[in-house]
Amino acid sequence: MTRKYFFIYCAGKKAVLLWLILLLPCFAKAQYTEYQIKGAMVYNFAKYVTWPKQIFGNNKMIVAVLGDNPFGEDLERIVASRKANDRNIEIRYGRTIKDIKGSHVVFFCRSEESLIEEILEDYNSKFILTIGDDIENFCELGGIINLSYKGSRPSFSINIEAAQKAGLIVDTKLLQLAEEFIGYER
């Protein structure tokens, strides 16, 4: 890659990062909470993943929070009147897998960490974007994205194999921003 194109590539990557996390430095100065930032990231992840069209029974994308809800009402405020992949977003909260049946995106709260391996085995290959809340070995166990904080800035890991196995396509713009790529440990 020539030097000129390298700088264009880097500038584009920085612009996407800035947009993806909704101007994170502004968030820090405005003192947004960790879960307001993570909620914005969950919304943006949903925008940069493609599902097979036939899995949407209606025009809604269902984003579920499994476990003790750390967002409060923030996630609903973030997605209010917004769309992901040209679909309205519905937020659901649940304590069991049955409570969130039919979801397209599932955010796994830390309260569910002890059950992650069992739950992820049920979710593999079912067209569901799984997102962990800084859960140890989440991607290694088959989760797709694991959100975490490195110092004071949010970051995320991606298991691209798990995404492919789930029948999802992750946009390259999102892949460029991942802190690391993790495969299965199995």
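This is a predicted model, in which local features need pLDDT of at least 70, side-chain atom pairs count only at pLDDT 80 or more, and totals for chains, interfaces and linings use all residues. Residues are numbered from 1 along each chain as its sequence is written, and side-chain values use heavy atoms, with hydrogens and water left out.

**Exercise 1.** Work out how strand 4 is paired with strand 2 and strand 3.

*Solution.* Start with the terms: helices (H or I, at least four residues) and strands (E, at least two) are DSSP runs, numbered from the N terminus. Two strands pair if DSSP finds at least two bridges between them.
- Strand 2 (residues 60-66) is parallel to strand 4 (residues 87-94), with seven bridges; here Ile 62 lies opposite Glu 90.
- Strand 3 (residues 83-84) runs antiparallel to strand 4, with two bridges; Ala 84 has Arg 87 as its bridge partner.
- Two residues separate strand 3 and strand 4 in their hairpin, and Asn 85 has a positive phi near 55°.

**Exercise 2.** Check the span of helix 3 (residues 34-47) and find how enclosed the helix is.

*Solution.* The expected span is 1.5 Å times one less than the number of residues. For the 14 residues of helix 3 that gives 20 Å, and the end C-alpha atoms are 20 Å apart, so the two agree. Next, apply the burial cut-offs: buried is under 20% relative accessible area, exposed over 50%, partly exposed in between (1.4 Å probe, protein chains only). Eleven of the 14 residues are buried, so helix 3 is largely enclosed by the rest of the structure. Among them are Tyr 35, Met 41 and Phe 45.
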